[in-house]
Amino acid sequence: MRLYNTLTKKIEEFTPYNKNEVTLYTCGPTVYHFAHIGNLRTYIFEDILEKGLEYLGYNVKRCMNITDVGHMSSDADTGEDKMLKGAKREHKTVYEIADFYTKAFFDDSAKLNIRKPAIIKKASDQIDMYIKMIEKLLKEDYAYISNGNVYFDISKAKDYYQLSGKNPDELIIGAREDVELDKYKRNPYDFGLWFTVSKFENQDMRWDSPWGIGYPGWHIECSGISIKYLGEYLDIHCGGVDNIFPHHTNEIAQSEAYLGHKWCNYWLHGEHLNDATGKMSKSKGEFLTVSLLENKGYDPLAYRFFCLQSHYRNQLVFSYDALDIASNTYTKLKNKVKNIKENANGEINKEIVNNYQNKFKEAIENDLNTSLMLTCLYDILKEDVNNNTKLEIIKSFDNVLSLDLLEEKEKTIDEELVKYIEEQIAKRNLAKQNKDYETADKIRKELEEKNIIIKDTREGTIYEVR
Ligand code: AMP
Ligand code: ZN
């Protein structure tokens with residue numbers, strides 16, 4: 001298999017440390033809000049990677065973290081903890097926020113047929129591991145204490161700029177006015193391993209440590225969880241391109257300092273999904289979630305199909321027009337498969353099945369070329385062969401594509417429930433208009449207790465039944 005490795009900036013032949021076993025670490029969500037469909041594009045790519053490797057015959061052991069502590073609004077370790085921001089926004093505790101949005105993340109992932117990784121660990125559950133690592137980093141002088149916090153000294157790291165390919169002279173934090181400098185760092189790019197609460201007093205999650213009560217920095221969680229659950233040698237580490245610097249750069253620095261040897265061989269990054277205005281974000285413009293698409297009548301798998309049409313290393317621009325086209329193509333595809341299924345006939349031609357599976361494998365081996373995988377699928381639809389052979393091949397491809405090509409989903413709509421929800425939303429809107437926020441909040445809570453989640457968007461109130 002050939003994969004583009006961000007570390008070497010080359011397409012390379014993939015060879016795992018251990019024959020057929022692949023260890024795969026994928027950075028998980030920061031659970032302070034719903035995941036937007038951009039975030040989910042990255043998880044779709046990672047899902048295809050895991051299933052593609054399996055198709056090629058590898059055993060994949062995949063681990064993912066859930067970031068529920070320590071992720072600051074700015075990459076320079078300044079700004080507010082994102083979890084606290086979520087808690088304040090919704091008048092809940094950070095634990096409630098984390099539970100709610102973790103569940104929402106997995107619900108959305110399931111709708112997109114993204115498989116749950118075998119190992120999932122909450123950042124806040126692994127404090128002992130971070131303390132163990134930080135103690136060693138301090139002992140070996142990779143880290144230092146300043147103003148009660150523990151920082152990693154990047155000048156001690158080998159090849160700190162290799163992954164990002166950045167030129168250190170051009171990197172001047174603080175040149176940007178919105179980024180506040182942490183004056184206790186020796187180098188502005190040093191990063192926090194452990195913060196004592198003096199830095200952010202209103203931090204809810206806090207633990208005892210040799211350096212005082214506090215909480216871990218964001219980067220240490222992925223190194224700690226990965227090393228603890230996947231071992232000291234990692235085959236593949238993934239994330240979106242925004243993770244390259246500083247997150248993954250810092251993960252490499254601290255992991256290799258801690259381990260004393262090279263840690264991960266292949267670094268894969270998914271390009272972003274952008275909207276017409278540029279970068280998609282959770283705080284700007286229409287907040288594009290899976291539920292929003294569903295409320296607008298789209299099948300979430302049409303979005304998966306939309307993503308698979310382009311390569312994971314290309315930027316993808318989202319628009320409803322583009323999604324409409326993908327959605328129509330997906331419906332036509334499903335109808336064609338349905339037709340084949342309804343007219344199933346003939347004996348399976350094993351040779352043709354093999355040929356197609358090999359072609360499909362080549363597409364996977366070609367740096368996970370999903371559009372080529374789809375081409376293989378369209379080719380078999382056109383092939384002059386009996387329908388049972390076609391179905392066998394489609395079934396096999398769908399193990400990776402996960403587009404439910406052979407399933408017929410009947411959407412059942414509970415009309416009574418829809419009527420009730422719409423009435424409640426109308427009542428709430430009226431209360432809001434009358435500035436009666438108490439009633440508005442009460443209605444929202446009552447709906448929430450029935451697992452009906454509502455959200456106010458620029459285009460009005462949307463809801464989701466979970
Ligand atoms: P977060 O929840 O912010 O930690 O991000 C979760 C994942 O989504 C990370 O792997 C990010 O790199 C990725 N990500 C963030 N924004 C986008 C985007 N617009 N398109 C694709 N992936 C993204
Ligand atoms: Zn990570």
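Biologist: Is Cys307 buried or exposed?
Modeller: In this predicted model, Cys307 is buried, and its relative accessible area comes to 6%.

Biologist: And how many disulfides turn up in the whole structure?
Modeller: The search, which covers the whole structure, returns 0 disulfides. Cys307 accordingly takes part in none, and the nearest cysteine sulfur to Cys307 belongs to Cys238, 15 Å away.

Biologist: What about Cys376, where is the nearest cysteine sulfur?
Modeller: For Cys376 the nearest cysteine sulfur is that of Cys307, at a distance of 19 Å, and Cys376 is in no disulfide either. Cys376 also counts as buried, with a relative accessibility of 5%.

Biologist: Switching topic, which domains is the chain divided into?
Modeller: The division gives domain 1 at residues 2-270, domain 2 at 279-401 and domain 3 at 415-465.

Biologist: How many residues of domain 1 and domain 3 are in contact?
Modeller: On the domain 1 side 6 residues make contact, and they meet 4 residues of domain 3, while the centres of these two domains, taken over C-alpha atoms, are separated by 36 Å. Between them domain 1 and domain 3 bury about 430 Å², of which 54% is on carbon and sulfur atoms.

Biologist: Which residue forms a salt bridge with Glu448?
Modeller: Lys92 does, and the closest N and O atoms of this pair are 3.4 Å apart. The count of salt bridges between domain 1 and domain 3 is 1. As for the classes of residue, the side of domain 1 that touches domain 3 comprises 3 charged, 2 nonpolar and 1 polar.

Biologist: And how many residue pairs are in polar contact across that interface?
Modeller: The rule finds 1 residue pair in polar contact between domain 1 and domain 3, with both residues at pLDDT 80 or more.

Terms used. Residues numbered from 1 in each chain as written. Chains lettered and ligands numbered in written order. Predicted model: local features only at pLDDT ≥ 70, side-chain atom pairs only at ≥ 80, totals over all residues. Heavy atoms only, no water. Domains from an automatic or database assignment. Contact = heavy atoms within 4.5 Å. Buried area = accessible area lost by both parts, 1.4 Å probe. Salt bridge = Lys/Arg side-chain N within 4 Å of Asp/Glu carboxyl O. Polar contact = N/O pair within 3.5 Å; in protein donor to acceptor, adjacent residues only side chain to side chain. Nonpolar A, V, L, I, M, F, W, Y, C, P; charged D, E, K, R; others polar. Disulfide = S-S within 2.5 Å. Buried < 20%, exposed > 50% of the residue type's maximum accessible area, 1.4 Å probe, protein only.
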